[in-house]
Every structure is written in C-alpha cells, then in structure tokens.
Amino acid sequence: MTYLRIENVDKQFDRAGQRSEVLKDVSLDIARGEVISIIGHSGCGKSTLLNLIAGLTEVSSGGIQLEGREVNGPGPERAVVFQNHSLLPWLTVYENVNLAVAKVFGKTKTGSERHDWIMQNLDLVQMSHAKDKRPTEISGGMKQRVGIARALAMQPKILLLDEPFGALDALTRAHLQDAVMDIQKRLGSTMIMITHDVDEAVLLSDRIVMMTNGPSARIGEVLPVPLERPRNRIELAGDRTYLKCREAVLKFLYERHRFVEAA
Amino acid sequence: MSANVQRLAPATMPDAKAAAEVFALPTPATRPGSWSKTLASIAANVVPPLVVVALILVIWQILCATPGASLPAPSQVWAEAGELIVSPFFDYGQGDIGLGLRVLISLQRVAIGFGIAALVGVTVGAVIGQSIWAMRGLDPIFQILRTVPPLAWLPLSLAAFMDSAPSAIFVIFITSVWPVIINTAVGVRNIPQDYRNVARILQLNQVEFFFKIMIPAAAPYIFTGLRIGVGLSWLAIVAAEMLTGGVGIGFFIWDAWNSSRLSDIIVALVYIGVVGFILDRLVAAVGAFVTRGTTAN
C-alpha cells in the first residue's frame, strides 16, 4: 500500500537567468513504516528531493502525495531532522522540544499532557537528563538526539532525516544509528534518510534509493535490503546478504556512476 | 547496543548528582584563596587608572597654577565648584539644583527619546531585514540620514513641534534610531536559513516568528545597535539642551559659560562623561544577559 507517492517529479532552479535542472522524472512509492535511504554523490540533488518532500521547496512539475493528499508547503506531519541539528541556541533542550509541542499540540493537549509528551520524547532519545541545558553545553551527538526528539515530538506521519549523522564522529554515529533503529522499531515510523555512507544505508534501510549524478539526476536503482530486524552491526559484519547489498551500492556509486568532477 | 545505553543512562545519573555534591563540599576551603584572588584582580584593574588620574591632575595643576592661566587648575575647581561635586542632589529652588538632579532630568528625556527609538528601530529594522527590496531601497537613505549631526535636526524639529521639550526628545529619537534600524535589519538578514526552515515546518505565524525566532536570533545585532544608539542619544541631549534651555545638564553648561563659571563646566563635563559611560555599560550588560547562549554554535 502506498503511503507517500512521488510521481514524475522534476525540479529546476532559475538563477540569474540560467536554468539548471536538478532532478528529472523522479518517481517513488513508499509504504507506511518503511525506512528508505537516499544515497548518491554530493550535488546529485538528494537534499533537494528531501526538501521537496518536506515542502520547503516547490516541485517544478509532477506531484508528491502523502496519504493521498498533495504536499504543498511545509508542515509538522513531515518533520525534518537537519544535518546540523538546527536547535535554537537561546532555548534549553526542553524549550526547544516545547517550541514544537506547544505549536503542534497547543490546542489538543493540556499543559501537563504536553509536559509528559516532551519528557517522553526526551526519554526516547535518552536526553531527559540534560533537559535544562542549552545546545552550546552539550555534545554534537546529544544535539542531534534532541533534534530527533523535537522531530518525533511533532508526531510526524513521516520523518525526514537530512544526513543526520554526517557531522558526527564514527563512534557517536554508530550509537545514534542504533538509537534510531530502536526508535523506529518501537514507533513503527516511516523514515526517509539522506546519507552518503554506504554502511549506514544498508544497516538502517528497507530499501536504498541510489541517485545518478547531477545535473538532471534520476533514481538510478532501488535496492531492497532483505535483512531481518532487529539488526546488529556486529553480527551483520560478515553476513552474506549484508555484504552483497553493500557491494551492490558500492558498485553503483563507484563503477557505474563515478563522481566525475574533482571534489 | 542501544539497550546498553538505556541501562547505563539512569545508572549514571545518580553518579552525576553524587559528583556534584562532592564538588560542593571543598568550596568553603578554597574560598579564602579565591577571595584574595578576586581582590588582587580588582586591584590590578583599579590601581592603574587611579594612578593615571592622579598624574593628570598633577600635570594639570602645574600647567594651570600660573597666574594668568586661561583655565582653572584643579585646586581652583575644587574651591569654586566643590559643592557641585560633594552634594549632587541639593535643591535650593528656582532651578538652582545639584548636578545629580540635572542629570536625572536629562536622563528622563533620553529615556523617552531612546525608548521610542528602540521600539521603532527594532520594528522597522525587522521589517526591512525581511525584504531584500526594502533593504536595497532604504539602506542608502538611512546611511545618509545617520550622518546628519544631531543639532542639524533641531531647527526643523522646533519648527514642527513649536515647543522645546518635545523637540529635544525628537532630536534624541532621530539621532539614535538609525543604528538600531540598520543593525536590526542586518541581524534579521543573517538569521540562519535553518532557523527559518524550523519555523516553516512548525508553521509559525508572523507574530510567533517575530517573537520566538527573529528577535532572539537577531538579539546580538540589536544590542550592538542599541549600544551605539544610547551613546548617540547622550551626545544629542547635551547639545539639544544647550539650545532649548530647561534644567538639564546641557543647559547648565551653557548657563555656566554665559556667567563665566568655568569650574562648574569642568565638573559638569566629568558628570556627563561618567553618566555616558554608565549608560553604555548598562546597555552592554543587559545585552550580555539577554543574549547569553545566543552566539556560538
């Protein structure tokens, strides 16, 4: 059953009279509860695609529907976890989540219900101990946890993650990947995640969407990852299916669609 | 692995608390040491300026003590205007009042004029900062207007208001509003796109965006503008009062010049300088308090 439908989406940007085509004829159907990774070289329009789904940018042609309803503009039912966390530095951890909760549930929940909901989401990312700290006082991984809590607290229909672990060191990244898998298992969330990390894509996703190089990037291939959940990175390290998926992605990225420009 | 983290997290919390308590105990022991340290650092900051002031007074005394010197020496200032220094708040009636009271009257005008300038400046700056075209259109005009000296506005303002009190306030307003507008606009333009995206996803309306994102995000810029603005308004009030009369500190200087009380003028100058310094530090302190945590990422 299709939950999110992306249909023949094109995206062009007009800048200083010059038209540049970023995405060409992108179509994808996503089921409820599915975890999708979008992978590709930098500049291939992955972030543009995520922004289109979020409604932060408008499609040039084609359409995006969530539960049969056309996406036209951003909204809390499509919450975004930003690469650089985007927490407001003048608010505490609690207040940052509260900003979202007060706006989304201001009319439907009472004050104490909202407080419980905020704490429940901070618990989910194991950050309730730092609720009165400001973003400058906590580590990068912790900030990203709070960013995830803020997004989850909007009770989104779909969670959009824009290279959520890109700015973190490898160990912290592994911790957060596990936390995200755990949360996804508990809540059954639908997720779309942008990444350029092959292992991350294989470990976390049900399907991996591989983009060709821009300009006019398309979906080159969609690779299903038939691995049982819960997944354990240590057990999977030697798993045949895991290695085959990994190889398929690597071959796509480095053989068939090598990044031609010097980075 | 995530299960491990979950089990660890609650366990580490009491530890953290215990550590905090243990930390609290040795503080009384270190207090005398830290006290003498603070005293030393205060002394290090206070002694040099005191020495310099003493030196200046001595040189000034030597230069002006000769008979026929055109300006009074410090000893003469003390003899003639000592009362102004010692008792700032006397009130003998008929407008013969201490410099402290005069400063308060001037400050009241500054408070009104600068208060209006702050409100208008932040609002107008926020609107301009939101629109590229408003910025392009209005910025050159503001850049020109902000260089007009305060007193140049006074004749126009007198003609418009037909009264000296509102004219003085208007001159303060028009002098101090430009840096507030310009800095606020720059601050609003520099709000990171990420914060705007957060606001869009949360579907914040204009009013919520203004108070919850724009003002706090632009606060460091706004306070820079306010700090420049308060300095300019203090410059303007003295000049404006010299011409419009009344009982403020500016008029006192003009009055003292007309009756050749040079010592009084010197004392008044020191008052003005000290009050201006305090105003500047006050706005800076409020800014530091309000914007704590806003900068840096």
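Analyst: **Salt bridges and the strand beside one of them**

Happy to. B:Glu208 and A:Lys103 join their side chains in a salt bridge, at 2.9 Å from N to O; the term stands for a side-chain nitrogen of Lys or Arg within 4 Å of a carboxyl oxygen of Asp or Glu. This contact crosses between chains, running from helix α9 (residues 206-244) of chain B, which holds B:Glu208, to helix α2 (residues 93-105) of chain A, which holds A:Lys103. Please keep in mind that this is a predicted model, in which local features need pLDDT of at least 70 and side-chain atom pairs count only at pLDDT 80 or more, while totals for chains, interfaces and linings use all residues. Residues are numbered from 1 along each chain as its sequence is written, chains are lettered from A and ligands numbered from 1 in the order in which they are written, and side-chain values use heavy atoms, with hydrogens and water left out.

A:Lys103 is partly exposed, with 28% relative accessibility; that class lies between buried, under 20% relative accessible area, and exposed, over 50% (1.4 Å probe, protein chains only). Helices (H or I, at least four residues) and strands (E, at least two) are DSSP runs, numbered from the N terminus.

Over all chains there are 18 salt bridges. One of them links A:Lys157 to A:Glu67, with N and O 3.1 Å apart. A:Lys157 sits in the loop between α4 (140-153) and β7 of chain A, and A:Glu67 in the loop between β4 (61-66) and β5 (69-70) of chain A, so this contact ties together parts 90 residues apart in sequence. Both ends are partly exposed, A:Lys157 at 30% and A:Glu67 at 41%.

Another pair, A:Lys251 and A:Glu247, has its closest N and O atoms 3.2 Å apart. These two residues are four apart in helix α8 (residues 240-256) of chain A, so about one helical turn separates them. A:Lys251 is partly exposed at 37%, and A:Glu247 is partly exposed at 41%. Returning to A:Glu67 and A:Lys157, salt bridges with shared partners join them and A:Arg32 into one network.

Strand β7 (residues 158-162) of chain A has five of its five residues buried, so the rest of the structure largely encloses it. A:Ile158, A:Leu160 and A:Asp162 point one way from β7(A), while A:Leu159 and A:Leu161 point the other way.

What does β7(A) pair with? Strand β6 (residues 78-81) of chain A pairs with β7(A) in the parallel sense over four bridges, where pairing requires at least two DSSP bridges between the strands. In that pairing, A:Ala79 is opposite A:Leu159. Strand β8 (residues 190-195) of chain A also runs parallel to β7(A), joined to it by five bridges, and there A:Leu160 is opposite A:Ile192. Between β7(A) and β8(A) the chain passes through helix α5 (residues 170-187) of chain A, making a right-handed β-α-β crossover; right-handed means that, with the strands pointing away from the viewer, the path from the first strand over the helix to the second runs clockwise.
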